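Opening the notebook on this one.

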Amino acid sequence: MIHVKDLHKNFGKLHVLKGINAEVKKGEVVVIIGPSGSGKSTFLRCINLLEYPTSGEIYIEGELINRKTDENKIRQKIGMVFQHFNLFNNLNVINNITLAPMKVKGLSKDIAEDIASELLKKVGLEDKAYAYPAQLSGGQRQRAAICRALAMQPDIMLFDEPTSALDPEMVKEVLMTMEGLAEEGMTMVVVTHEMGFAREVGDRIIFMDEGQILEESTPDLFFSHPENNRAKEFLSKVLY
Amino acid sequence: MNLDFSRISSYSPLFVKGTVTTLELTLFSVVLGIMIGLIVALLKMSSFKPVSIIGHVYVELIRGTPLLVQLYIVYYGLPQLIGQDIPSFPAAVAALSVNSGAYVAEIIRAGIQAVDYGQMEAARSLGMSYGLAMRFVIIPQAIKNILPALGNEFVALLKESAAVSVISMSDLMRQADIIRAATYTAFEPLIVVALIYFTMTYIFSSFQRVLERRLKASDSR
Ligand SMILES: Nc1ncnc2c1ncn2[C@@H]1O[C@H](COP(=O)(O)OP(=O)(O)OP(=O)(O)O)[C@@H](O)[C@H]1O
Ligand SMILES: [Mg+2]
C-alpha cells in the first residue's frame, strides 16, 4: 500500500528525516511514536505530499510519487486527520463533509449528503449535521473531521496526533471511532502518544527519533521488551 | 468674535455641489482602488518572486510618498509626458485610487493571511486544488476580516480626498475656498465644511459598526 525507501527531508539546513524505510500493507494499522521533534509529522506529511521529500522514494499502491505526480489525485486516496481538526470554519458539518466530494469528485449534492449522513451516523454525530465547528466540542470536531476525510473514500488514512488537542474526557470517543475504522479494515498510519491505543489497535509500532526509525516491532514485543535504548528511555517517560 | 453664518447662507448650493462631488470622487476611487488592491494583493502573494516583488514595490512606493505629491504627478507631471492635459476629475480619481489601491492590497493580503493555515492544508489534503480551496474555504473567511477594514479605508479616503482641491477639483473642500474668497469670511465656511465631512464619516462609521457586529454574530452561529 505504502512503500517508503530511504526518505530524506531537509528544511534548509535542518535535516529532519534521515533515511526512512518503511512499508505499510493493506489493512494494517501502523502506529508511529517518538519524542517531540523527531520528524513524525514530517514523515506523515511526505506521504500525502504536503511536504515534498528532499530525496528517496515513496510508492502509493505501487505508484512512485514525486513532484511530477498529480498531488490532488494522490491526496484523494489518502485521508488526513490533524491535531487541530482544521474543520472549515465557514461551513457547517455537513457542508464540511460534502465540499470535497462535490467539488473534487463531482458527486451530486444528494449523493454526497447521503454519504455524509451515513458517516455522521456511524460516529454518532447525526444531530450535529447543521452545527458550525464553533458550536462543537473538541471531540465532536475531531469526529466530524474524520468523517470529512472518509467521505472521499480514501484507501489510506493518516492521523497526526488526533487526540493531542483534546480534553481528557474526549479522547476516548475519538479513539473508539478510530478503532472502529481499523476493525473495518482501513489502512491507517497513526502518530499518537496514546500508548493504550497503540497497544490495543496497532498491528505494528514504529519508534522514531531524530529523523530515523530506531525500532520496529509488534505492540506486544515493543511494550514488553523494547530493544533500542532510546525507545526504552522514551517508554519509561511516557508509561506511568 | 463676530461669527455670522447668514453671510454664507446664500452659498448653500455650493456646499451641496461640493458634497456630491466629494462623494462621487470617493466612491469611484474606492471601487477602482479595490480592483487595484485585489490585483496588487495577488501579485504580492504570488509564489513567483519577480511578480511578488512588483506588488511589494508598488505598495511601498505608494505608501511611502505623500498623496499630495502623487496628485501633482498625475495632474501636472503626466501631461508633460503624454503631451495632453488631464481634466481634474479623472486625474483626482486616478491619483486617489492608485493611492488607495496600495492600502487595500495590504488589507486584502492581511485578511487572507489571518485565516489559519490549517484551513488551507485541510482543503489540500482532501485533494482540492489551491483555487478551489481559496474560493470555498479561504476567501469566505477572509472576507470577514477584509470588509470592516475596507469600511475604514472608505472613511479615510473620504477625508483624504480633500487634498484634491489643490488641483482645482470643485470638491467640498474647494467650495470652502471659493466662498472664502467671495465673502471674505473664512471661519464659517470652513466650520460648515468640517461639519459636513464629520457627518458623512460618522454615518459611514456607524453603518460599518452595524455591519461588523452582523459579521461577528454569524461567526459564532
Ligand atoms: N515547515 C517547516 N520548516 C522548518 N522546519 C520545520 C518545518 N516543519 C517541521 N520542521 C522542523 O522539523 C523537525 C521535526 O518536526 P516534526 O513536526 O516532524 O516533528 P514531530 O515528531 O511531529 O514532533 P511533535 O511530536 O512535536 O509533533 C522539528 O525540529 C521542526 O521544528
Ligand atoms: Mg507532529
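Which residue in β7(A) does A:M80 stand opposite? I find A:L158 there.

Before going on, a note on the basis: this is a predicted model, where local features need pLDDT of at least 70 and side-chain atom pairs count only at pLDDT 80 or more, while totals for chains, interfaces and linings use all residues. Residues are numbered from 1 along each chain as its sequence is written, chains are lettered from A and ligands numbered from 1 in the order written, and side-chain values use heavy atoms, with hydrogens and water left out.

**Strands of chain A**

I looked at β6(A), residues 78–81, and its partner β7(A), residues 156–160: the two run parallel, joined by 4 bridges. (Strands are DSSP E runs of at least two residues, helices H or I runs of at least four, numbered from the N terminus; two strands pair if DSSP finds at least two bridges between them.) From β6(A), A:I78 and A:M80 point one way and A:G79 and A:V81 the other, and all are buried, meaning under 20% relative accessible area with a 1.4 Å probe, protein chains only.

Next I checked β8(A), residues 187–191. It is largely enclosed by the rest of the structure, because 5 of its 5 residues are buried. A:T187, A:V189 and A:V191 point one way, A:M188 and A:V190 the other. In a regular strand the side chains alternate between the two faces of the sheet.

β8(A) pairs in the parallel sense with β7(A) over 5 bridges, and A:D160 stands opposite A:V191. With β3(A), residues 29–33, β8(A) also pairs in the parallel sense, over 4 bridges; there A:V30 stands opposite A:V189.

**A serine in chain B**

I found B:S100 in helix α4 (residues 88–113) of chain B. Its relative accessible area is 0%. The B:S100 side chain makes a polar contact with that of B:E153 at 2.9 Å (N or O atoms within 3.5 Å, one able to donate a hydrogen and the other to accept it; residues adjacent in sequence count only if both atoms are side-chain atoms).

**Ligand 1**

What lies 2.8 Å from an oxygen atom of ligand 1? I see a backbone N or O atom of A:G37. A polar side-chain atom of A:K40 lies 2.9 Å from a ligand oxygen, and for a side-chain N or O atom of A:E161 I note 3.1 Å. The protein covers 59% of the 630 Å² of accessible area that ligand 1 has on its own (Shrake-Rupley method, 1.4 Å probe). I also noted that α1(A) gives the largest share of the shell, 3 residues.

Terms used
Buried means under 20% relative accessible area, exposed over 50%, partly exposed in between (1.4 Å probe, protein chains only).
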